[in-house]
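Let's take a friendly walk through one protein model. Have a look at the picture first, and then we will go through some of its helices and strands together.

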Amino acid sequence: MRNMSDIIEQYLKQLIEQSGGEVVEIKRAHIAEKFDCVPSQLNYVIKTRFTNEHGYTVESKRGGGGYIRITKVETHSKSDYLTRLKQLIGDGISQQNASRIVQSLMENKVITHKEAKIIDAVLERESLMLDLPYRDRLRANILMRVLDVILYSEE
């Protein structure tokens, strides 16, 4: 059975798709009321599932006229998309953020589900048996190389 976070995530993704795949603006209280949940549940979904690593930008304005604006980052140009992901990685990356990037690659049909599983397995802390911060640096280097291979194999 899917949990409330999954249901809210799917609903928001449907709204984005219905808007032409670009931008959706929502009211926190309206969505919380629709799903009979507390607004913090919505905050959790947005903070964990609509991140830069997942290919979204989020703007938020609190107060009476407040809103949450979720924008799906354009992925029409694969090279621009991959370059943007490389910028997010930087010198080091956590397992959670690396997994989000891999998930985004799969959702945007850059890699297959099987390839995502393989990449995730290589990037797990159990595979990279080093102490922090070396583990996050190695993970970043591996993920950068994966993105380079994807980027340059297309050309």
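Are α5 and α7 roughly parallel or roughly antiparallel to each other? The axes of helix α5 (residues 95-107) and helix α7 (residues 134-153) cross at roughly 10 degrees and come within 11 Å. The two helices are therefore roughly parallel, a term for angles under 35 degrees. Axes here are lines fitted to C-alpha atoms, for helices over the stretch in contact, with angles running from 0 to 180 degrees between N-to-C directions. Helices (H or I, at least four residues) and strands (E, at least two) are DSSP runs, numbered from the N terminus.

This is a predicted model, in which local features need pLDDT of at least 70 and side-chain atom pairs count only at pLDDT 80 or more. Residues are numbered from 1 along each chain, and side-chain values use heavy atoms, without hydrogens and water.

Where do the helices touch? Gln95, Ala98, Ile101, Val102 and Leu105 in α5 meet Arg139, Leu143 and Leu147 in α7, contact being heavy atoms within 4.5 Å.

Now for the strands, which pair if DSSP finds at least two bridges between them:

| Strands | Bridges | Sense | Opposite residues |
|---|---|---|---|
| β1 (residues 23-26) and β3 (residues 67-72) | four bridges | antiparallel | Ile26 and Ile68 |
| β2 (residues 56-61) and β3 | six bridges | antiparallel | Thr57 and Thr71 |

Finally, Ser79 lies in helix α4 (residues 78-89). Ser79 and Leu151 are 72 residues apart in sequence, yet 6.1 Å apart in space, C-alpha to C-alpha.

Note on methods:
Angles under 35 degrees count as roughly parallel, over 145 as roughly antiparallel, 65 to 115 as roughly perpendicular and the rest as oblique.
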